[in-house]
Amino acid sequence: MSRVPRYRGHFGPDEARRLLWRAGFGPKPGQAEKLAKRGLDAAVHSLTHPRSQRLKGPKPRDEDGRPLAPRDAWSHDHCWWLDRMVRTQAPLVERMTLVWHDWFATSKDSAPTALMLRQNAMLRRHALGSFEQLALAVSRDPAMLLWLNGTDNNKWDVNENYARELMELFTLGAGRGYTERDVRELARALTGWRNDWSEGRGPHDFRFDREFHDRGVKRVHGRRGRFDWRDAVRLNVRHRKHPSFLVNKLWGYFIPTPPPRGTARALERMYIAHDRKVRPLLDAILRHPHLYDPGRRMVKPPVVQAAGMLRAVGRGIDTTAWGWLCDQAGQLLFIPPNVSGWDDSRWLDTATFRARWQMATEICSTAQIDDDVKVSGKADVLVTRAARFWHTPLSRTTRQALERYAAGALRSANADWERETYPRLTENALRMLVAVSPDYLTS
Amino acid sequence: MPTPAGTGLSRRSFLLQSAGLALAVYGAGRLSGLPAFEEGIARAQSGRAGTVLVNVFLDGGADSMSILAPTGDPRYRKLRPNLALPGGGRVFAEDHRLTWHPAAAPLATLHGEGKVTVLPAVGYDHPDQSHFVSRHFWEVGTLDPGLRTGWLGRLLDRIGTADNPLQGVSMGGSLGPSLAAARVPVAAVDAPEDFGFWAPGSWGPPGDLAIPAFADVGRALAGARDPAVAQAARAAAFAGGVRAALAPFGKDGEPTYTPRAAYPASSKERFPKRLAGLAAMLGAGLPIRCATLSAPGAWDTHADQASTLTENLTLTASSLYAFQRDLEARGIADRVLTLVWSEFGRRAEENGSGTDHGAAGIGFVIGTRTTGRMVGEFPGLATLDDHGNLRATSDFRGLYASLTADWFGVDPAGVLGGGASVARPKVVR
């Protein structure tokens, strides 16, 4: 039986930086170098077994210095979570919470923000735990019950919405091991949830009511029984097609190419042997050679990049502009585009590229080089300094193009005051250009 | 209107001016000449204006049995005790069993003018009831689950050029999957009036040169083997050209164009504004061949269908009506067709306050050049399929083949593969 291969190459700052971008939100200054010194195994272990989940650094504020109101004000919920991503000492926990938000994509289009935040806390509790426990918790989660009409589903009026997505998107994959008949029968098993609603409180008192549940015999995946919602989850999480679905999907959040066959099989066995716990899989995936292959880059999701930029420059959430900035870049938290989550294969086009430029503007506008700072007049020095601003290496091609720009900008200075001023203006612009370079937009 | 008419400039120099004035002044010709993509849009614009297809998606599976309600079918009220529309509304002239939803009245008006071709039950064989699988089929234009290019993307690969990203444009925050091309560039534009770039702490030549520089970096890496790097690089390279072409449409993020029809107001949805922007872009002669938009709201009405659908349909139909009038006022209606589609229809039998996923759904082709004659008939509610869903009486692949051949003059075999052999209805006159 094949095992999951482990990366045997050099684990230096570049590899540590890759790990921190994929399993978290990028390094703080010096963090990649420090992590590299610990070696691959200890580095991965520190992510999968975080010592502290406390947030470190100043609390988030809006532009007027007031505390955020995540339940009440537009995009404050987004900024509240983004702040956790910036300040966390357990980046993989936060990153996995984001993975589960995408996996069980629920939107506040249908659920009040307070319930979305409650779901967020639940996802975080299960971040590195058992998928079966997570799927059970999601299936009774009030925001999910509203979003996929779980509380509209009762024995008199069967609503298929959750049953279909539970199999198609959450546990098995489209058309893998179930039929339309299974969708309808599973929907019957999931009947029984209800909630009350009032003008003042909105939806509340979510509960399972036996009177609303269809207690008859159902036939799901070829098995017959008086199945209820717990059975419905287990029938799918213990389905023979589930481990391959989970392994492939989970892998895809960290590595852009599908797992080799032997690796996938080994991970599936590991998943079953560990009683459907996710942490051992993460331990293995984060040490896999493909994660460190320079030729397998991934576009950073917008919120990951936003959090990473803030971490790189040592800034916290001090404006709610991050709400519309990330929205324009294609990722407003708590409002995924649909129940299948965000499309990780298409983050960048002309519109979302411009949004990344604006994200960089938000950082750079408060970090401009002071007028009285003397700046080098050499193109290559300016490019190096701009890359250091973001703590990022640059490819040769990008560096050459940026040096071409810098040389042209410096050459356009004629008067003495221009020769004095243009290097600073050029370095400010270079920071923007580094931030939107393919080198920095991917990791 | 930012049309070049009356400015004394040709279209080409007009665009180049917006893109390149700063470059000319600061002698940036020493950099790398004018960026190719900026010139590409201008060059494409100077040619003969082509036909345009606007592709509007009703996301979630719109309930055809509410939009054109079979009030004359005796089974309708039994299947839809809560949701059935009352009779007595505006009857669909081509099939008196069907009644327009009151919110679809603007479409009924256009239909009365012969400008709407209705497909009352469009779909495909062995319909899939997954949103994502069925939508994928419609976006890629075949029943191939693994295809990564969209049908309009492949069309553009045939008729487009390598340096005009605006030939396929999504009016929205991200690129529509149907536009995914294998070879040629395409673009997404959230708001044409707001596509500027500014580098904080930089002005004069260093600031101005920084804008073409990001596209320059993108061009240098656009051919990268790594797909993620190539995606980032192409986005940067194309954004440079789009920025230049859109510069005349806004100032400080505010539109400098005037719509030529009254669009509905919406504080929540950008759909009417996007259509107004698209009409202005087309009116200015930007070299657009395919455009995609998502209609407002979620059409996946598992619950509370009556109110949700009415709200969505009201804004969608009145916006499409305004768009058509806008095109007519600009004198360009004869070269634009609008296709409206959804990934499937909904279950004939309601589930209480909503409906679950179904099979055949509704489609429209809108424009002065469409035949205005129904394609396929309403199959009636006596012949539902084994799952209780409407059977398709027309196939979206035949519709695509017809548009590919008759609207764009392209052999559908090269764009739609086997789907090109599906019977083709006549929708273009």
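**Entry 1. Helix H16 of chain A**

I began with what covers the buried residues of H16(A), and found that the cover includes helix H4 (76-87), helix H15 (302-313) and helix H17 (350-364) of chain A. This is a predicted model, where local features need pLDDT of at least 70, side-chain atom pairs count only at pLDDT 80 or more, and totals for chains, interfaces and linings use all residues. Residues are numbered from 1 along each chain as its sequence is written, while chains are lettered from A and ligands numbered from 1 in the order in which they are written.

My terms for this entry follow. Helices (H or I, at least four residues) and strands (E, at least two) are DSSP runs, numbered from the N terminus. A residue is buried if 20 or more other C-beta atoms lie within 10 Å of its own, exposed if 12 or fewer, and partly exposed in between, with C-beta atoms placed from the backbone. Two residues are in contact if their C-beta atoms, placed from the backbone, lie within 7 Å.

Which residues of H16(A) are buried? In this helix, residues 321-329, I listed A:Trp322, A:Leu325, A:Cys326, A:Gln328 and A:Ala329. They cover an arc of only 160° around the axis, so they sit on the same side of H16(A). The arc is that of the directions from the helix axis to the C-beta atoms. An α-helix has 3.6 residues a turn, so residues three or four places apart point the same way. After H16(A) comes A:Gly330, with a positive phi near 105°.

**Entry 2. Chain A overall**

I counted 21 helices and four strands in chain A. Along the principal axes, the C-alpha atoms fill a box of roughly 90 × 60 × 40 Å. Buried residues are 53% of the 443 in chain A. For contacts in chain A with a separation of 6 or more, 73% are between residues 24 or more positions apart.

**Entry 3. Chain B overall**

Chain B has 13 helices and twelve strands. Its radius of gyration is 23 Å, close to the 22 Å from the globule rule for 429 residues, so chain B is as compact as a globular protein of that length. The C-alpha trace of chain B spans about 75 × 45 × 40 Å along its principal axes. I found 63% of the 429 residues of chain B buried.

**Entry 4. The sheet in chain B**

What is the strand order of the open sheet? I read S6-S5-S9-S1-S10-S11-S4-S12 in chain B, eight strands with mixed pairing. S6 and S12 of chain B are at the edges with a single partner strand each, so one side of each lacks a neighbour in the sheet. Two strands pair if DSSP finds at least two bridges between them.

I then took the pairs one by one. Strand S5 (residues 168-171) of chain B runs parallel to S6(B) over three bridges. There, B:Met171 has B:Val189 of S6(B) as its bridge partner. Helix H5 (residues 105-112) of chain B packs on the sheet and touches S4 and S11 of chain B. The direction of H5(B) makes about 115° with that of S4(B); axes are lines fitted to C-alpha atoms, for helices over the stretch in contact, and angles run from 0 to 180 degrees between N-to-C directions.

Is strand S4 (residues 116-123) of chain B buried or exposed? Eight of its eight residues are buried, so S4(B) is largely enclosed by the rest of the structure. With strand S11 (residues 361-366) of chain B, S4(B) forms an antiparallel pair over five bridges. B:Thr117 has B:Val365 of S11(B) as its bridge partner. With strand S12 (residues 394-395) of chain B, S4(B) pairs in the parallel sense over two bridges. B:Val122 is opposite B:Ser394 of S12(B).

**Entry 5. B:Ala359**

I found B:Ala359 in the loop between strand S10 (336-342) and S11 of chain B. B:Ala359 is buried, with 26 other C-beta atoms within 10 Å. Leaving out residues up to four places away in sequence, B:Ala359 touches several residues, including B:Gly123, B:Phe344 and B:Asp385.

How values were computed. The radius of gyration is taken over C-alpha atoms; the globule rule is 2.2 Å times the number of residues to the power 0.38.
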